[in-house]
Amino acid sequence: MTSVYLDYAATTPMRPEAIAAMTEELAQLGNPSSLHAAGRRARRVVEESREQLAEVFGARPSEVIFTSGGTEADNLAIKGLYWSRNLATTARPGTHSRLLTTAIEHHAVLDSVKWLAEAQGASAVWLDVDDIAVLRQETLRAAIEAAPDDVALVSVMWANNEVGTIQPIAELAAVAHEFGIPFHTDAVQAAAQIPVDFAASGVNAMTITGHKLGGPVGAGALILARGTEPVPVLHGGGQERDIRSGTLDAAAIRAFAVAAAACASEREAQAARLAALRDDLVHQVLAAVPDAILNGAPPGPGRLPGNAHISFPGCEGDALLMLLDAKGIACSTGSACTAGVAEPSHVLLAMGAGDSRARGSLRFSLGHTSTQEDVDAVGAVIGEAADRARRAAAR
Ligand SMILES: Cc1ncc(COP(=O)(O)O)c(C=O)c1O
């Protein structure tokens, strides 16, 4: 009975034009790799979608490699580029073994890096962020300079999915390039809300996904600059220049491209509208719960316009979430729930917040269907919900 949806960072409602494109395409027959007319028609849909996405994200069509989403694109970038850098240096074993990333990445990056460290002999370097989750250029430079010849890859997300902090991606990529090191960015959250220009950013590899910008779940892409060639994670039919085998999902790809184009065409106006709604939401929450704390960068150019991530001292985030859910309001805690035990948010911990602040947080994330009524609904109930959650935690 959710009537107030404030969890856009988890997934977004599909845009009507994306639903229309996808349903039309689902009724069509043809494998884009087949040579007959039906296959060629499906191929045309895929290639037109590739061009549309390239245009939206400042890339060349040939640089867009379709995947099943952000998780797969991140795995392909991290593992594939690590392997390609390592294989290229087998003459000097042990070189290019360092993977530089931050502790605030999405688990698709974090756990890929951890796996390479545990199972493949990589050495993971976790770059410190500051108290608003920004990675400073000096931090990256110092970590590279410690052993510049050994770095396989730098991976830093464009915008954080929990607290909405935006990184200075072009500047960070420039530091890596001074040392000839490839740079990957997970732009899954950024792509939905701020201008993301692959070529202008200078990154070598960039992850995007459809369902965070009004497209379907199950379609994403890794954008790869010329000369950046990951070792494939999937082997099979050799689709997508042999980098990502698997029959292409023409219907989902078309809907992804349609959604991305719609999102881009209204991005500037939406950003201003969402920032105003988000600021009002924060204002109403702080008025009702005066000791609540807004985490992350201050509202402005350093923060995603649709993100409000707030700590409620003395509350368990999960309890608060369920109390709001009972009122028909959907939001999120940053924390992952492992075997029924709420874990504190790894992002907040990396920002230097204590355990209890990291546990007692909620993320409200807004998007294209969000309204003033949604914000007012939170404002109307958050004070009482926080009181109840606080009493429950004190028991
Ligand atoms: C920053 C970030 N990266 C990657 C992903 C994973 O994308 P997908 O759900 O398409 O696999 C998400 C989704 O939660 C995300 O927020």
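Predicted model: local features only at pLDDT ≥ 70, side-chain atom pairs only at ≥ 80, totals over all residues.

Visitor: How are the rings of Trp 83 and Trp 115 arranged?
Guide: A pair of aromatic rings is described by the distance of the centres and the angle of the planes. The centres of the Trp 83 and Trp 115 rings are 6.4 Å apart, and their planes stand at 85°. Planes over 60 degrees apart count as edge-to-face. The arrangement of this pair is therefore edge-to-face.

Visitor: How many residues apart in sequence are the parts that this pair ties together?
Guide: Trp 83 belongs to helix 3, residues 70-87, whereas Trp 115 belongs to helix 4, residues 107-120. The pair therefore ties together parts whose separation in sequence is 32 residues.

Visitor: Which residue lies over the face of Trp 115?
Guide: Trp 115 has a relative accessibility of 35% and counts as partly exposed. At 4.9 Å from the centre of its ring, over the face, lies Lys 79.

Visitor: Which side chain has an N or O atom 2.6 Å from a nitrogen atom of the ligand?
Guide: The ligand is surrounded by 13 residues, and Asp 186 is among the closest. An oxygen atom of the ligand is 2.8 Å from an N or O atom in the side chain of His 211. For the nitrogen atom, at 2.6 Å, the side chain is that of Asp 186.

Visitor: Which helix gives the largest share of the shell around the ligand?
Guide: By class, this shell holds two nonpolar, eight polar and three charged residues. The largest share of the shell, three residues, comes from helix 3.

Terms used:
Residues numbered from 1 in each chain as written. Heavy atoms only, no water. Phe/Tyr/Trp six-rings, centres within 6.5 Å; stacked < 30°, edge-to-face > 60°. Helix = DSSP H or I, 4+ residues; strand = E, 2+ residues; numbered from the N terminus. Buried < 20%, exposed > 50% of the residue type's maximum accessible area, 1.4 Å probe, protein only. Lys NZ or Arg CZ within 6 Å of the ring centre and 35° of its normal. Near = heavy atom within 4 Å. Polar contact = N/O pair within 3.5 Å; in protein donor to acceptor, adjacent residues only side chain to side chain. Nonpolar A, V, L, I, M, F, W, Y, C, P; charged D, E, K, R; others polar.
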